[in-house]
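Please look at the sequence and the structure together before reading on. The briefing below takes up strand pairing and charged side-chain contacts.

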Amino acid sequence: MLRVSIAWCLALSIALSQSSPWESKGTATLNLTQVALKNWVGGGQNTIGIAGLLSYRALYNDARTRWETTLDVGYGLTKLADAPFRKSDDRFILISTAGLHTPDSLIQYALQLDFRTQLTDGFRYGTNAPDTLTSTLFAPATVNLGLGGTYTPSDGISLTLMAATGRAVLVLDRRLQDGTLGVDSGKAVRVQFGASLNATIVKEIIENVLLNTKLAVFAPYDAFTSQVVNWNTVITFRINKFLSANLALDVAYDPKVIITRDDGTRGPSVQLRNVFGLGITLPL
C-alpha cells in the first residue's frame, strides 16, 4: 500500500510539473576587464572594470490568462589609474504585463506596469571642477501604468499598445529637484496621461546568440508629438556553457530632461550608452 501511494504521488508530481503554466528563465553575467602597464613606451593608464548584468523572465500562461514579468538589472564600476572607482552602468527595469486571452489567443486585454530607476548616486565628472550629482535612487524614477492590448505572435515576442496610460516621474531627492529631470523645480512628482507602446523581444535569434530588446514609447495627450523614448538592448553571444560576450546599447530621450551636452550647451538631447564585455554567465 505504501509503495502504491509513493508511486501515485510521484506520478502526480511529474504530471503537475509537466502541465504547469509557469515558465521562468534568466541569466547572471559578470564581466571583468584589466589593463596593467609598467614602463610602457606606448603610453596609457592602468584600468580596472567590473560590470554585472541580471536578466530574468517569468511567464504564467494558461487558457484564460497570461502574466509576463521581466527584470533587467545592470551595474558597473571603472577605475582609471589612481582615480577612485566610478560608476559606468546602473539601471533597474521591471516590466510586468497581465492579460486575459481573446478567442484567437494571440491578443490579450492587458494591464501593464513599467518601472525604471537607478540604484546609486550618479555624477557628471568634471576635469577642473567638483563632480556634480546627476541622479540617485528614485531620482529620477518613472512609473507607467497602462490599460490596453498585447499581441504575442510567438514566445518571447510581445507588442503592447495602451491608449490609457498614466505616467509618473519621481525625483525624491531634494538636491535634484531643480527642474532638469522632468519634474518642475521644487517638486517631487510629475504626472501625465497619454498613450504608450511597449515592444519586447527575448529570443535566441540564431544558435548561441540571444537578443533581449525592449522599446518603450510614451506620448502625453497634452503634447502628443513630444514622445518619451527608452530603448534597451542586450545581445549575448554564448561561447560555451559559462563564457559569453555581451553587447549592450541603451537609447533614451525625454524632452523634459535638461542635459549638459558634450559641447557645453544645455537642453534636451538623445542619450546613448553602449558597453561590450566578455565574462562569466550563469543560467538561473
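What follows concerns a predicted model, taken up by topic.

The structure holds 14 salt bridges, and strand S13 (residues 243-253) is joined to strand S12 (residues 228-238) as well as paired with strand S16 (residues 271-283).

**Strand pairing**

- Strands S12 and S13 run antiparallel and are joined by ten bridges, with a hairpin of four residues leading from S12 to S13.
- Within this pairing, Thr236 stands opposite Asn246 of S13.
- S13 also pairs with S16 in the antiparallel sense over ten bridges, and there Val251 has Leu272 of S16 as its bridge partner.

- Asp72 and Lys214 form a salt bridge in which the closest N and O atoms are 2.8 Å apart; because Asp72 lies in strand S3 (residues 65-80) and Lys214 in strand S11 (residues 209-220), the pair ties together parts that are 142 residues apart in sequence.
- Both Asp72 and Lys214 are buried.
- Arg238 forms a salt bridge with Glu204, the closest N and O atoms being 3.2 Å apart; since Arg238 belongs to S12 and Glu204 to strand S10 (residues 189-206), this pair ties together parts 34 residues apart in sequence.
- Arg238 is partly exposed at a relative accessible area of 37%, and Glu204 is partly exposed at 42%.

**Other charged contacts**

- Asp90 and Lys87 meet through their side chains in a salt bridge of 2.9 Å, N to O; Asp90 counts as buried at 15% relative accessibility, whereas Lys87, at 22%, counts as partly exposed.
- A network of salt bridges links Glu23, Arg57, Arg66, Glu68 and Asp155.

Definitions and conventions. Residues are numbered from 1 along each chain as its sequence is written. This is a predicted model: local features need pLDDT of at least 70, side-chain atom pairs count only at pLDDT 80 or more; totals for chains, interfaces and linings use all residues. Side-chain values use heavy atoms; hydrogens and water are left out. Two strands pair if DSSP finds at least two bridges between them. Helices (H or I, at least four residues) and strands (E, at least two) are DSSP runs, numbered from the N terminus. A salt bridge is a side-chain nitrogen of Lys or Arg within 4 Å of a carboxyl oxygen of Asp or Glu. Buried means under 20% relative accessible area, exposed over 50%, partly exposed in between (1.4 Å probe, protein chains only).
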